[in-house]
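Subject: Handover of a structure and the findings on it

Dear colleague,

Please find below the structure that I am handing over to you.

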Amino acid sequence: MRIGKKQIKGALTGDLWIKAYDSVLTSAATTVTISGLDGNTDKDYRLLCRFVNGYAGSTEFQLYPNNDTGNNYDREGLYGINTTAGSYKNAAFGYVFLTAADTSLGNLAMADCLIYPPTGRMRPFVISEIQTISGTTIGAVAESRTIWRDTSSNITSLVIKANQTNGLGVGSSIELWKRVDKI
Amino acid sequence: MKTGALAGTIYGNEWQMVYDSGELAAAVTSLTISNLNGDTDKEYRIISRLVSGAANTNFYVRPNNDAGTGTYGEQWINGANTTLAAYRQTTGIGFYNHYELNASGQVNFADLVLYAKSGYIRSGITKYMDGVVGGAIVNVGSVAGCWNNTADNITSIVIAADQTNGLGIGSRFILLRRADRDASTIGKTGKINAYGKIKGCFQKIYENDILSATTSVTVSGLDGNTDVLYRAVVRLVDGSGLGGGTNCVIRYNNDAGANYFFQHATGYYTAPFAGSTAFNGDLIAQDNVTTGSIEGFGEKLIFAKSGYVRTSLARMIGEYASGDVNYAMLLGNVWSNTADNITSMVFYSGQTNGFGVGSHIELWAYRP
């Protein structure tokens, strides 16, 4: 059916990705909570973030499903920093590391995080990230992989936190996309 | 409202294609995607399958055709055979898209997500595989890019080669944008429940939660020449009981020959490495450890249309269990078959009952 230009004011469903949350911060914050989720129904999430460092120093941008702050995460990552290629492993980590911005207020960072949220198994987080964009210098590119050990709790919220007060600076953009099946 | 297939410009908070070059019938030096509005669209995704039309060519994505030296920055992580390397560039002349090594005719494949709205430096992440000749790949990696322009609305994107006719015959570029609902008054609708194809979008066409262990899963009824692109997602729960050696590969048209080749870049403890090998399928998830019950996970973008070798890019978690994630992987794969339309995909685990209970397979198709 040809429909020309259409504004879908109601829900669009049809086995595709739909934006479920979108926020561009107009004032700095330490935490942003995306609530009202149902990981068992939605089945796929993609979190796309562009962070503006709201702190005059190093800031980590972290993700906590259901605000679980326990040491229930494990991760492995691959990175490039200038001419150094490296990797890291963290067991019993305290959060999903999304990305980071170093040094200065206003430096940028970006994360593209795929989440497979249904219960029954540990939940995987697959992240492509950029750390510390300042002018034309990029601090690092990285591919990190994290699992959340929890197998039973339905994901009903995603909490994005900075590890510095008001580290989520003005202009930070946080989007969540979810799979929406036809009804 | 329940509908069948939909074709139109849909503002429904989805990603929708606004430009698809089709396969180029003649080589060109650059290609311009115009009538964009980065401040409204906010994000772009550019999927490119490039067939090099000239040797020793670099390829760039340039917002508003800005080729000014010093306005772009890049940071790379790259795997080439067994060499893993990193590079930084602070005087770039575009979002780096591809590098042609030394001969025309090489096939390259890349997926760029670009944050386009003005107000801040524009940033993008590209996963790429370069230098595909026959059944082999030279490079796979990820490059972080930035455009140090905070003010100008992106109204066009130029894909440029630095050699004449570098964008060779068969190249194809697809741009998707974020299509938000907005306040305009054009053609408002209520709820749309689409039962058919939605033009310009990726749609899920297959899903399987494995409830009884099995060795392979076949997805049939495909038409790779029509769909062009597929996205596959696999969670592999090793059900073999063998304690390792289970891999999930995708076999196109059930081709089980050693007609696949992958190049990876991998984080492993504090000793990253790269490697390449011929294989008997397109790897998407793995469990190679020798003990324990391990899982693997992967997402893969596949360029499926015939005429050239078929390429795919994957982000993978290789082998994980509580307390340990073994591998963080980027993987590029080539299937050397150029002729056959892909009509089926066999997800094969390599071991009897390798897909254990809890394994999950999804397949999505692009709707050109």
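Two strands are said to pair if DSSP finds at least two bridges between them. Helices (H or I, at least four residues) and strands (E, at least two) are DSSP runs, numbered from the N terminus. Strands of a sheet pair through backbone hydrogen bonds, either parallel or antiparallel.

Please note that this is a predicted model, in which local features need pLDDT of at least 70 and side-chain atom pairs count only at pLDDT 80 or more, while totals for chains, interfaces and linings use all residues. Residues are numbered from 1 along each chain as its sequence is written, and chains are lettered from A and ligands numbered from 1 in the order in which they are written.

Chain A

Chain A contains one helix and 14 strands. Its C-alpha trace spans about 50 × 40 × 30 Å along the principal axes. The radius of gyration, taken over C-alpha atoms, can be set against a globule rule of 2.2 Å times the number of residues to the power 0.38. For 183 residues a compact globule would have a value near 16 Å, and the 17 Å of chain A agrees with this.

A residue counts as buried if 20 or more other C-beta atoms lie within 10 Å of its own, as exposed if 12 or fewer do, and as partly exposed in between, with C-beta atoms placed from the backbone. Of the 183 residues in chain A, 54% are buried. Two residues are in contact if their C-beta atoms, placed from the backbone, lie within 7 Å. Among the contacts in chain A between residues at least 6 apart in sequence, 77% join residues at least 24 apart.

Which strands pair with β14(A)? Strand β3 (residues 16-24) of chain A pairs with β14(A) in the antiparallel sense over eight bridges, and A:Ile18 stands opposite A:Lys178 there. Strand β5 (residues 45-52) of chain A also runs antiparallel to β14(A), joined by six bridges; in this pairing A:Arg50 has A:Ser173 as its bridge partner.

Strand β14 (residues 173-180) of chain A is mostly covered, as eight of its eight residues are buried. In a regular strand the side chains alternate between the two faces of the sheet. In β14(A), A:Ser173, A:Glu175, A:Trp177 and A:Arg179 point one way, and A:Ile174, A:Leu176, A:Lys178 and A:Val180 point the other way.

Where the chains meet

The contact between the chains takes 66 residues from chain A and 83 residues from chain B. The side of chain A that touches chain B has 29 nonpolar, 19 polar and 18 charged residues. For this count, Ala, Val, Leu, Ile, Met, Phe, Trp, Tyr, Cys and Pro are nonpolar, Asp, Glu, Lys and Arg are charged, and the others, Gly among them, are polar.

The chains also share an open sheet of three strands, in the order β2(A)-β16(B)-β1(B), with parallel pairing. Its edge strands are β2 of chain A and β1 (2-3) of chain B, each of which pairs on one side only. Strand β2 (residues 12-13) of chain A meets strand β16 (residues 192-194) of chain B over two bridges. In β16(B), A:Leu12 has B:Ile192 as its bridge partner, and A:Thr13 stands opposite B:Asn193.

Chain B

The domain assignment (bounds from an automatic or database source) gives chain B a domain 1 (2-179) and a domain 2 (202-366). Their C-alpha centres lie 25 Å apart. The contact between them takes 25 residues from domain 1 of chain B and 23 residues from domain 2 of chain B.

An open sheet of four strands in chain B has the order β18-β27-β20-β23, with antiparallel pairing. β18 (216-219) and β23 (282-287) of chain B stand at the edges with a single partner strand each, so one side of each is left without a neighbour in the sheet. Strand β20 (residues 246-252) of chain B is joined to β23(B) by five bridges, and B:Asn247 stands opposite B:Gln286.

Finally, B:Ile169 lies in the loop between β13 (157-161) and β14 (172-179) of chain B. B:Ile169 counts as partly exposed because it has 15 C-beta neighbours inside 10 Å.

With kind regards
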